[in-house]
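Please examine the sequence and the model shown here before reading on.

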Amino acid sequence: MAYKITDACIGCEACVGECPVEAISMNDGVASIDADKCIDCGACAGACPVEAPVEG
């Protein structure tokens with residue numbers, strides 16, 4: 001199941017560069033994951049300082 005970004009996102013963009021399939025984009029200062037592209041690797045969760053990406 002694809003990861004999703006919770007309301008905890010602070011818009012730091014740390015996750016964006018970590019995604020190996022470029023599934024994460026920034027929208028209005030908040031990260032968003034394209035579930036169709038997400039490969040459920042968890043790289044975004046490992047990079048996030050506030051644990052905003054969660055399995056979803």
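A residue is called buried when its relative accessible area is under 20%, exposed when this value is over 50%, and partly exposed in between. In this predicted model, Glu51 has a relative accessibility of 63% and therefore counts as exposed. Glu51 lies in the loop that runs between helix H2 (43–47) and strand E4 (53–55). Its backbone deserves attention, for Glu51 has a positive phi of about 55° although it is not a glycine. Most residues other than glycine have a negative phi.

Asp28 is likewise not a glycine, and it has a positive phi of about 55°. This residue is found in the loop between strand E2 (24–27) and E3. With a relative accessible area of 82%, Asp28 is exposed.

Beyond its neighbours within four places in sequence, Ile24 is in contact with several residues, among them Cys15, Cys19, Ala31, Ile33 and Cys44.

How many disulfides does a search of the whole structure find? The search finds zero. For Cys19, the nearest cysteine sulfur belongs to Cys41 and is 6.0 Å away, whereas a disulfide requires sulfur atoms within 2.5 Å. Cys19 counts as buried, because its relative accessibility is 15%. Cys48 is also in no disulfide, the nearest cysteine sulfur being that of Cys12, 5.8 Å away. At 14% relative accessibility, Cys48 counts as buried.

Methods. Residues numbered from 1 in each chain as written. Predicted model: local features only at pLDDT ≥ 70, side-chain atom pairs only at ≥ 80, totals over all residues. Heavy atoms only, no water. Contact = heavy atoms within 4.5 Å. Buried < 20%, exposed > 50% of the residue type's maximum accessible area, 1.4 Å probe, protein only. Helix = DSSP H or I, 4+ residues; strand = E, 2+ residues; numbered from the N terminus.
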